[in-house]
Amino acid sequence: MTVRNQVDSLKQRIIGAVGIPALLQVLDDIGRLESEHGHSDDIDDLRLDAFHALATLTQNSPSEAEPIMIQRLLPLCLRARGEWGVPHPVRRYDEALSAWLDSFSTTQRFALRAAVLHALVESLTGPTPAKACRLIGMLSYRDDRAFTRLLNLAQVGDNAIRRISLGTLVTLGVPPSNRDSLVRFWLELASADPWDFDLLGAAKLLASPEILDFILDRWLTAQNLRDSDDNRKTMMLHLAIAIPATIAEQFPSDIELQDRVWNRLRDLERMALLRYRT
């Protein structure tokens with residue numbers, strides 16, 4: 001049987017599946033097809049159709065949904081980028097996980113999300129900790145165990161993982177007792193590495209006066225404005241220029257801070273005008 005015929009046969013089995021076991025068997029067969037013939041968009045379409053059907057069947061039974069989410073869907077969300085044969089399919093699995101969780105009532109979702117979060121915390125020590133961090137951030141639920149693990153990752157180790165962990169921590173919300181530490185980690189990482197979207201996002205959420213001078217002196221510079229011809233750097237500059245205003249908004253009664261921010265932003269505006277006139 002050709003690959004096309006196998007794909008068509010699996011589609012029909014998904015449509016006609018009666019019960020969870022039949023759909024789990026389809027997922028197994030999709031996995032075998034991928035192992036034999038490699039990854040493709042058709043494989044993703046089949047899998048996601050099967051997961052959608054499983055979400056429908058389990059909408060009133062979170063106890064049946066939980067092992068499927070954790071044992072079947074979550075490993076695909078955590079799969080390393082190099083294992084995929086086409087660009088960015090993992091986002092579709094992330095979206096499927098999020099939509100499946102959201103399909104349950106608030107009470108049912110609480111227990112399911114806790115189970116998924118527990119599995120993700122364990123995955124922080126696995127081969128794809130960066131992806132586990134981002135999925136924890138996607139869940140947007142603050143859990144003490146997850147926070148502690150992420151805080152450990154943000155303190156030591158590979159700087160790329162530290163940046164992602166820091167970004168996830170501030171996304172989940174920063175307790176006052178940890179704020180100074182996270183600002184210090186941010187300054188260490190920003191000083192050591194080129195700016196990136198994780199540092200930019202964390203800076204805006206931290207909105208701390210302690211990082212203001214770094215952003216104004218190291219990121220929002222005339223040189224960066226002159227070199228902002230590529231789309232990625234232009235987007236980063238747009239994000240960076242919003243951070244001083246966000247910090248100022250957090251401290252409306254600090255007149256000195258207000259003056260410092262707006263004077264520097266006016267200087268940047270003049271530099272930008274000069275750039276586009278030349």
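This report describes selected local features of a predicted model.

## Basis of the model

Local features in this predicted model require pLDDT of at least 70 and side-chain atom pairs count only at pLDDT 80 or more, whereas totals for chains, interfaces and linings use all residues. Residues are numbered from 1 along each chain as its sequence is written, and side-chain values use heavy atoms, with hydrogens and water left out.

T58 lies in the loop between α3 (41-57) and α4 (62-77); helices here are DSSP runs (H or I, at least four residues), numbered from the N terminus. With a relative accessible area of 0%, T58 is buried. The terms for accessibility are buried for under 20% relative accessible area, exposed for over 50% and partly exposed in between (1.4 Å probe, protein chains only).

The side chains of T58 and W100 are joined by a polar contact of 3.3 Å. Such a contact is a pair of N or O atoms within 3.5 Å; within protein, one must be able to donate a hydrogen and the other to accept it, and residues adjacent in sequence count only if both atoms are side-chain atoms. Apart from neighbours within four places in sequence, T58 is in contact (heavy atoms within 4.5 Å) with I20, E64, A65, I68, W100 and F104.

## Packing of α6 and α8

Two packed helices are described by the angle between their axes and the distance between the axes. The axes of α6 (residues 106-123) and α8 (residues 144-155) come within 10 Å and cross at roughly 20 degrees. These axes are lines fitted to C-alpha atoms, for helices over the stretch in contact, and angles run from 0 to 180 degrees between N-to-C directions.

On the α6 side, L117, H118, V121 and E122 meet R145, A146 and R149 of α8. The residues of this contact comprise 3 nonpolar, 1 polar and 3 charged; Ala, Val, Leu, Ile, Met, Phe, Trp, Tyr, Cys and Pro count as nonpolar, Asp, Glu, Lys and Arg as charged, and the others, Gly among them, as polar.

## Positive phi values

Most residues other than glycine have a negative phi. S140, in the loop between α7 (129-139) and α8, has a positive phi of about 55 degrees and is exposed at 53% relative accessibility. A207, in the loop between α11 (197-206) and α12 (212-219), has a positive phi near 45 degrees and is buried at 5% relative accessible area.

How values were computed: Helix = DSSP H or I, 4+ residues; strand = E, 2+ residues; numbered from the N terminus.
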